[in-house]
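Work through the exercises below with the model open beside you. Try each task before you read its solution.

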Amino acid sequence: MTDGDLSASARAYAAIRDSILDGTHAPGEMVGEANLAAAIGVSRTPVRAALARLQDEGWIVIYPKRGAIVQGLSERAIAELGDARLILESTSVGRAPAASRERLADAMAASIERQRAAFAAGDVREFIELTLRFHRGFVEAGGNTVLLDLYDRMSDRQRFVLFQAGDRLLGRCEEIISEHQALTDLLRSGDAAAFAAALRDHIAETGVKPLSSFGFDGITTFPPASTA
């Protein structure tokens, strides 16, 4: 494959992936190489490579000579995603030093204002990107690059779930902003157990009920956070 093919393949992959995550191509829909190639403005070869990659990631199932069917996420997969988020975000906040919590809380406050502006404009896409970065910050605060890498690997699944809940997000805009503010306040206070409980409820309000919803405090199996 030439450098041009590689560039076209990357462009095709990004375009098809984004159209799946934002619901343009819905679960159960059949997509074809020719139509995708025409829409993206590339040949069928890079589209074929992009589809193979997306199949490896579980977003489509390819049927030779027919096309590919878009896959969604099962209820269990969504619950497991909520589970992983709850563990990674809560654990990281529980281990974050006080100075990191303060810096992050200040950044979170600025993010909340941008989220409010996105809601006011009805810009679901912008809000989703802001909220993904908002929640990623909780993991970043813990300073563990392995946990952060694990969290980043879930970002597409989180993006998919949020786009699926687009109308629900707009309908709950005031509540979501309030929940984000409460999480920021708890982060600043250093009350890790209360943060984990609030986060569990917040995740559930987007239609995701973590498998570990009951009896999880997010910090009990880890050493106490530094007080530096």
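## Exercise 1: One arginine and its surroundings

Task: find which residues R159 is in contact with, leaving aside its neighbours within four places in sequence.

Solution. Step 1: list the contacts. R159 touches R17, L21, I128, E129 and L132; contact means heavy atoms within 4.5 Å.

Step 1: note the ground rules. This is a predicted model, where local features need pLDDT of at least 70, side-chain atom pairs count only at pLDDT 80 or more, and totals for chains, interfaces and linings use all residues. Residues are numbered from 1 along each chain as its sequence is written, and side-chain values use heavy atoms, with hydrogens and water left out.

Step 2: R159 sits in helix α8. Helices (H or I, at least four residues) and strands (E, at least two) are DSSP runs, numbered from the N terminus.

Step 3: R159 is buried, at 14% relative accessibility. Buried means under 20% relative accessible area, exposed over 50%, and partly exposed in between (1.4 Å probe, protein chains only).

## Exercise 2: Salt bridges

Solution. Step 1: count. A salt bridge is a side-chain nitrogen of Lys or Arg within 4 Å of a carboxyl oxygen of Asp or Glu. Side chains of opposite charge can pair when their charged atoms come close.

Step 1: take R17 and D18. Their side chains meet in a salt bridge, 2.6 Å from N to O. R17 is buried at 18% relative accessibility. D18 is partly exposed at 33%.

Step 2: take R188 and D106. Their closest N and O atoms are 3.2 Å apart in a salt bridge. R188 belongs to helix α10 (residues 173-189) and D106 to helix α5 (residues 98-120), so the pair ties together parts 82 residues apart in sequence. R188 is partly exposed, with a relative accessible area of 31%. D106 is also partly exposed, at 47%.

Step 3: take E179 and R172. The closest N and O atoms of this salt bridge are 2.4 Å apart. R172 counts as buried at 11% relative accessibility.

Step 4: trace the network. Salt bridges with shared partners join R17, D18, E129, D156 and R159 into one network.

## Exercise 3: The sheet

Task: work out the strand order of the open sheet, then check the pairings.

Solution. Step 1: write the order. The three strands run β1-β3-β2, with antiparallel pairing. β1 and β2 are the edge strands, since each pairs on one side only. Two strands pair if DSSP finds at least two bridges between them.

Step 1: check β1 against β3. Two bridges join β1 (residues 30-31) to β3 (residues 67-70). M30 stands opposite I69. V31 has A68 as its bridge partner.

Step 2: check β2 against β3. Four bridges link β2 (residues 60-63) to β3 in the antiparallel sense. I60 is partnered by V70.

Step 3: look at the turn. β2 and β3 form a hairpin with three residues between them. K65 in that turn has a positive phi of about 70°.
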